[in-house]
Amino acid sequence: MDQRKAGSAARLRAMVTLMLASLGVMLAAIFTLYFTPLGVAPLIAASLYAGLWAYERRLGVASPITRVMTVFHLICALAAFVTTDPSWMTWIAPTVYWTLAALIFTLLATGRSFTAMHTAGGGIRPLHRRLSCLWGGLHFAAGLAALVLAPSTAFLYVPLGLMVLGACATVWLNFVSMGPAWERPTRFELEGYSFREVGSRREWEVFHDVIAEAYRADLQSALGMRRKIDAAGIAREQRASGGKWQDDFVPFLAYAGDRPVGGIGIFFDRKRHGLPIEGEAQIDLGPWRRMGRVAEVGRLGVLRRHRLNPTLLKGLFRCVIEAAAERRVHFLFNDSFEFQAQMYEKLGFSAFRGGAYVSRAEHSTGYGLRVLPMMLDLAAIVREGAPGAADLDRHLTPYVMERYFKHLVIHDLVLGSTRPNRGPEEIDNATP
């Protein structure tokens with residue numbers, strides 16, 4: 001990874017941390033004003049915002065919201081010091097809420113979002129617009145509630161509830177969902193090819209058939225005259241083995257026009273039987289599971305006349321990358337025939353140092369062939385801001401990948417980002 005990408009990724013991590021810090025400071029300041037003695041509460045709140053201001057300055061961020069709140073709480077602290085009459089609090093609450101609402105909507109009207117300042121101006125613009133509208137509306141409503149409901153104690157608790165609601169909504173939009181339109185597409189077009197997640201029984205049959213057709217010539221060439229391989233036999237074997245993994249395997253098909261020309265699938269980890277590579281290659285994935293979720297990419301097949309087209313490979317890889325990101329998978333594994341290894345290397349996978357082993361599954365069409373365990377550290381790729389395959393990042397669904405990046409930041413903040421005790425190159429691959 002070059003220095004430019006390293007700096008960009010580090011800044012993105014800092015901006016996600018800043019976003020969380022700003023939410024924490026806002027809620028801490030509000031709770032301080034409501035639930036600590038009036039004589040010290042504004043000073044504590046001002047100190048919190050001053051610390052946030054200093055952190056923003058270190059990151060090169062100049063948020064008018066933070067500055068307004070710092071000055072506001074300093075004024076409140078001065079007012080609390082010079083007077084013993086707390087009646088001024090009745091007017092200060094709607095004043096500050098409406099001031100913030102006006103500032104947020106003014107920034108939005110000029111094409112800027114106050115939340116975009118916490119992402120160095122990047123990120124999903126519709127997300128920033130939604131957050132600006134949300135917070136502008138909540139601050140206006142909080143100011144109205146503070147004015148109308150006084151002197152009842154509801155003038156304190158209703159605005160507080162609105163701010164907590166805003167914080168929860170912000171977390172939801174950033175880390176959970178913006179709605180179906182922004183989620184991983186199950187169908188998409190890419191430079192003349194169409195890709196779709198397999199759903200119907202008929203599509204499952206098509207998937208098995210196209211993968212079998214893609215495998216047949218390669219398997220026959222690798223086995224020579226030792227055994228006759230036909231596509232129907234490969235398809236039958238896939239269907240037979242699919243029962244165990246059916247609920248945990250998500251396949252995808254690629255089409256050129258109406259003709260299926262390739263496919264790929266992803267196995268998701270489940271406690272009851274783990275991943276196929278563990279039994280086939282006798283690999284213990286425990287060190288990786290302790291660091292993050294694991295999954296396995298498999299059944300990659302592309303008809304020969306389409307193999308030289310990089311767009312097809314990028315589209316298939318996009319399918320599994322987005323599916324893995326959606327479920328916050330950190331490590332992707334693959335147990336590849338050696339003749340397929342080059343395709344996986346183009347996708348960013350690397351082989352274990354232990355090298356290939358010979359398949360001993362006697363009833364398999366791959367019996368006697370050399371198989372190469374491989375791994376892709378998806379979390380590291382996303383953290384570093386670099387795609388696993390060249391030029392793939394511009395094709396990935398932005399919201400899905402940005403949300404995954406934010407989850408990784410939280411993961412690293414909570415658990416740290418240390419690596420497993422053993423890397424893939426240090427695992428001994430025993431013959432099954």
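Trainee: Into which classes do the residues of the lining of the largest cavity divide?
Mentor: The model is predicted: local features need pLDDT of at least 70, side-chain atom pairs count only at pLDDT 80 or more, and totals for chains, interfaces and linings use all residues. Residues are numbered from 1 along each chain as its sequence is written, and side-chain values use heavy atoms, leaving out hydrogens and water. If Ala, Val, Leu, Ile, Met, Phe, Trp, Tyr, Cys and Pro count as nonpolar, Asp, Glu, Lys and Arg as charged, and the others, Gly among them, as polar, the lining divides into 26 nonpolar, 11 polar and one charged.

Trainee: How much space lies in the largest cavity?
Mentor: A cavity is a set of points, on a 1 Å grid over the protein atoms alone, where a 1.4 Å probe fits but cannot get out; lining residues have an atom within 4 Å of a point. The structure holds three cavities of 30 Å³ or more. The space in the largest cavity is about 570 Å³.

Trainee: Which helix gives the most to the lining of the largest cavity?
Mentor: Helices are DSSP runs (H or I, at least four residues) numbered from the N terminus. At least two lining residues come from each of α1 (3-35), α2, α3, α4 (89-109), α5 (125-148) and α6 (154-175). With eight residues, the helix that gives the most is α1.

Trainee: How is α2 oriented relative to α3?
Mentor: Helices α2 (residues 41-59) and α3 (residues 64-82) pack at about 155°, with axes 8 Å apart. Therefore, with the cut-off set at over 145 degrees, the orientation of α2 to α3 is roughly antiparallel.

Terms used: Axes are lines fitted to C-alpha atoms, for helices over the stretch in contact, and angles run from 0 to 180 degrees between N-to-C directions. Angles under 35 degrees count as roughly parallel, over 145 as roughly antiparallel, 65 to 115 as roughly perpendicular and the rest as oblique. On a 1 Å grid over the protein atoms alone, a cavity is a set of points where a 1.4 Å probe fits but cannot get out, and a pocket is an open set with protein on both sides within 12 Å along at least five of seven lines; lining residues have an atom within 4 Å of a point. Grid points are joined across faces, edges and corners, and a volume is the space filled by probe spheres set on the points.
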